[in-house]
Amino acid sequence: MRIVLLGAPGAGKGTHCKRVAERYGIVHLSSGDILRRERAEGTPLGQQAQQYMDAGALVPDDLIVEMMSGAVRKASAGYVLDGFPRTVNQAEVLDRALAQNRQEIDAVINLQVDDRVVLERITGRRSCPKCGAVYHVKNMPPKVAGVCDKDGTPLVQRPDDTEGVVRNRLETYSRQTRPVVDYYRARRTVHDMDANGDADAVAAAIFQRLDPLAKR
Ligand code: AP5
């Protein structure tokens, strides 16, 4: 299965992509996670991406397209895309690459969430720098405060999760990524999902849409 999961910052893309990948045995490809790894390793791509990420702006398309094309090619048997495509140009490049291999996206899920909820979720998010597990100080706390349940690593807050940067990320989303939803809507069914509720309820609603596709 090849799935695109769209949504504003903090909508729950990472949270739900992990669950979708596990349930259907496909690869979770997060452009944000790959960029953060590149930054942590100090690669040229990571260094180039840093200033954009910290400002809440998008990393230029040419860098992203090169990075994600390789990842998508390697996982061509099945993946769920998280944070990519994020511009209409990225969506067009992805469609062209899929068409060349006679493939297409099986489902586009669009998580819809209120800005007020986003701010509360993002400022409370903590993640594990080692395994990437994501928590929330109130909604999804770890068993021991500040420590990853899986490997005991101290949890960290992302540098772009401050209120000022989150507002820029939301503005960037409205201007550059919302048109991607319209791009897909013009070409295929987009499954709009209310993602304001509890994470388990949102996941159950997503699985209800995807289970029939997995059985095909
Ligand atoms: P990226 O890492 O993709 O960040 P984002 O899109 O801003 O999304 P987030 O990771 O903040 O949120 P999420 O939707 O994954 O929410 P999560 O599940 O963690 O991108 C970062 C930056 O990289 C960009 O700003 C840009 O600079 C660059 N970049 C990345 N891709 C790019 C591209 N394609 N092109 C150009 N630049 C690119 O959930 C958030 C919190 O809420 C968590 O604490 C979670 O536990 C909690 N939570 C989630 N769901 C629920 C729920 N239902 N109820 C209660 N709590 C919940």
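Hi everyone. The protein I brought today has a secondary structure of 8 helices and 7 strands, where helices (H or I, at least four residues) and strands (E, at least two) are DSSP runs numbered from the N terminus. This is a predicted model, so local features need pLDDT of at least 70 and side-chain atom pairs count only at pLDDT 80 or more, while totals for chains, interfaces and linings use all residues. Residues are numbered from 1 along each chain as its sequence is written, and side-chain values use heavy atoms, with hydrogens and water left out.

Let's start with the overall shape. The C-alpha atoms fill a box of roughly 45 × 40 × 30 Å along the principal axes. For 216 residues, a compact globule would have a radius of gyration near 17 Å, and the protein agrees, with 17 Å; that radius is taken over C-alpha atoms, and the globule rule is 2.2 Å times the number of residues to the power 0.38. Of the 216 residues, 49% count as buried, meaning under 20% relative accessible area, with exposed over 50% and partly exposed in between (1.4 Å probe, protein chains only).

Now the inside. A nonpolar core here is a set of buried Ala, Val, Leu, Ile, Met, Phe, Trp, Tyr and Cys residues joined through side-chain atoms within 4.5 Å. The largest one has 59 residues, and those with the most contacts inside it include Val20, Tyr79, Leu81 and Leu210. Helix H7 (residues 163–185) gives this core its largest share, 7 residues. Apart from it there is another core of 5 residues, among them Cys128, Tyr135, Cys148 and Leu155. Back to Leu210: leaving out residues up to four places away in sequence, Leu210 touches Met1, Ile3, Val20, Tyr24, Ala107 and Ile109, a contact being heavy atoms within 4.5 Å.

Next, helix H3, which covers residues 44–55 and has Leu45, Gly46, Ala49 and Met53 buried. Why do I say they line one face? Seen down the axis of H3, the buried residues fall within an arc of 80 degrees, so they do line one face; the arc is that of the directions from the helix axis to the C-beta atoms. Those residues pack against helix H2 (31–41), helix H4 (61–74) and H7. On the face turned away, H3 carries the exposed residues Pro44, Gln47 and Gln51. After H3 comes Gly56, with a positive phi near 80 degrees.

Over to helix H6, residues 115–123, where Val117, Val118, Leu119, Arg121 and Ile122 are buried. Their cover includes E5, strand E6 (134–136) and H7. Strand E5 (residues 125–127) holds Ser127, which counts as buried at 14% relative accessibility. Beyond its neighbours within four places in sequence, Ser127 is in contact with Ala133, Val134, Leu155, Val156 and Arg158.

A few local details to finish. Asp95 lies in helix H5 (residues 88–100). Asp95 is buried yet has no salt bridge, and the nearest side chain of opposite charge, Arg188, is 4.7 Å away. A salt bridge here is a side-chain nitrogen of Lys or Arg within 4 Å of a carboxyl oxygen of Asp or Glu, and for charge, Lys and Arg count as positive and Asp and Glu as negative, with His and the chain ends not counted.

The peptide bond from Phe84 to Pro85 is cis, with omega near 0 degrees, and Pro85 sits in the loop between strand E3 (79–82) and H5. Lastly, Arg102 has a positive phi near 55 degrees and is exposed, with a relative accessible area of 82%.
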